[in-house]
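User: I am new to protein models and would like to learn how to read one. Could you take me through it step by step?

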Amino acid sequence: EAEPRKRVGRSRGGIQAGAYAAVIDEANLATAVRSAQWGKKAAAVRDAAERTARGLEIRAEYCRTSEFSRRNARGRSAQFMERPLRQSLFGRYYVEADVEAAHPTMAATAMRWAGLEATGWSELAADAQEYRRRIVEEYRRSGCAVTTSEVKRGITILLNGGSIVRWATEAAGRPVVAESLTALRAEILRFRNIAQRAFPKVSAVIQEDGRQRTTEQVRSSVVHAVMTGLEDRVLHAMEMAAGAQGWECAALLGDGMMVRPAAGVWPESWQLVSDSWQRAVFESTGIRVKIAFKSLDGQRADAWALA
């Protein structure tokens, strides 16, 4: 069960930020322990697990380094497991509620809140696959071949303050930045230039954390912290919506969370659940997101049936 999120002081891992517990599929755990591929990791999960009234559970405390940083699990948790192992140990009981295009969505939201245009990032957030295909086509017309996965990596590099020209040189074979990438770069550079003024509390946390940074590194760190803080607001609002509808959160997973209905009855319409959680997130945070339910191996929940 998810505990209410609260700051209860600092620990060795940072600011404590709640705890989650997930029920383990014991038959699959036993199989994984005997396997050559997952034996050691599965055995570590087995040794850290506790027997409760619900079954065999793995419980993890979560911590963060600041109020704007990501909540990360300490010790054994589903959060950082490889997907195949996570699917094996928890896939029969849980699904993933995933915030689609989370990073572009938070970037576009932050830019708009700072009073900037965010046309490119908003388009990317609205349909990431189509935007990446557009970039692939722009490179094709210029005589370069890049894949959508390479473009996805390039956008991540751009968002994190890396060199998009260097990426283009490696991926496309020459330092050509596609038109749609150029638009994204212009918008994120404008945001970096004003992020410290637009989000002074975040900027103060970055400035006071004791790390040595260049001016550009400070700007990139502020942007990253703003986005992470917004994403955590969304995840917290999702938890509240889940709890209000009788769902439980068992772990945080990157841009989403591992959840299930507490009563064990799966919804007849995943879209209705998505819509209601999206409305709850917007009402709570002012952030518009798209939430998709997926099996723990990545299949969309509306394309399969849970046992």
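Predicted model: local features only at pLDDT ≥ 70, side-chain atom pairs only at ≥ 80, totals over all residues.

User: How many salt bridges does the structure hold?

Analyst: A salt bridge is a side-chain nitrogen of Lys or Arg within 4 Å of a carboxyl oxygen of Asp or Glu. The structure holds 19 of these salt bridges. One of them joins Arg64 to Asp232, with the closest N and O atoms 3.0 Å apart. Arg64 belongs to strand S4 (residues 55–64) and Asp232 to helix H11 (residues 215–244), so this pair ties together parts that are 168 residues apart in sequence. The element names come from DSSP runs, numbered from the N terminus: helices are H or I with at least four residues, and strands are E with at least two.

User: Are Arg64 and Asp232 buried or exposed?

Analyst: Buried means under 20% relative accessible area, exposed means over 50%, and partly exposed is in between (1.4 Å probe, protein chains only). Arg64 has a relative accessibility of 7%, so it counts as buried. Asp232 is buried too, at 5%.

User: Which residue forms a salt bridge with Arg71?

Analyst: That is Glu239, and the closest N and O atoms are 3.0 Å apart. Arg71 sits in the loop between S4 and strand S5 (72–74) and Glu239 in helix H11, so this pair ties together parts that are 168 residues apart in sequence. Arg71 and Glu239 are both buried.

User: What separates Glu216 and Arg219 in helix H11?

Analyst: About one helical turn, because they are three residues apart in H11. Glu216 is partly exposed at 43% relative accessibility, and Arg219 is partly exposed at 22%. Elsewhere, salt bridges that share partners join Arg54, Glu57, Glu248 and Arg260 into one network.

User: Now for strands. What is the order of the open sheet of four strands?

Analyst: Two strands pair if DSSP finds at least two bridges between them. In the open sheet of four strands the order is S7-S8-S6-S9, with antiparallel pairing. Strand S7 (247–253) and strand S9 (291–294) are at the edges with a single partner strand each, so one side of each has no neighbour in the sheet. On average, neighbouring strands of this sheet are turned by 30° against each other, direction ignored. Strand S6 (residues 95–99) pairs with S9 in the antiparallel sense over four bridges, and the bridge partner of Val99 in S9 is Ile291.

User: How many of the ten residues of S4 are buried?

Analyst: Eight of the ten are buried, so S4 is largely enclosed by the rest of the structure. Strand S2 (residues 14–23) runs antiparallel to S4, joined by seven bridges, and Tyr20 has Ala60 in S4 as its bridge partner. Strand S3 (residues 50–52) pairs with S4 in the antiparallel sense over three bridges, and S3 and S4 form a hairpin with two residues between them. S4 and S5 also pair in the antiparallel sense, over three bridges, and Tyr62 stands opposite Ala73 in S5.

User: And how do I describe two packed helices?

Analyst: Two packed helices are described by the angle between their axes and the distance between the axes. Axes are lines fitted to C-alpha atoms, for helices over the stretch in contact, and angles run from 0 to 180 degrees between N-to-C directions. Angles under 35 degrees count as roughly parallel, over 145 as roughly antiparallel, 65 to 115 as roughly perpendicular and the rest as oblique. The axes of helix H1 (residues 26–34) and helix H3 (residues 83–90) come within 7 Å and cross at roughly 140°, so H1 and H3 are oblique to each other. The axes of helix H9 (residues 179–198) and helix H10 (residues 200–207) come within 6 Å and cross at roughly 95°, which makes H9 roughly perpendicular to H10.

User: Which residues in H1 meet Leu85, Ser88 and Leu89 in H3?

Analyst: They are Asn28, Leu29 and Ala32, where contact means heavy atoms within 4.5 Å.

Technical notes. Residues numbered from 1 in each chain as written. Heavy atoms only, no water.
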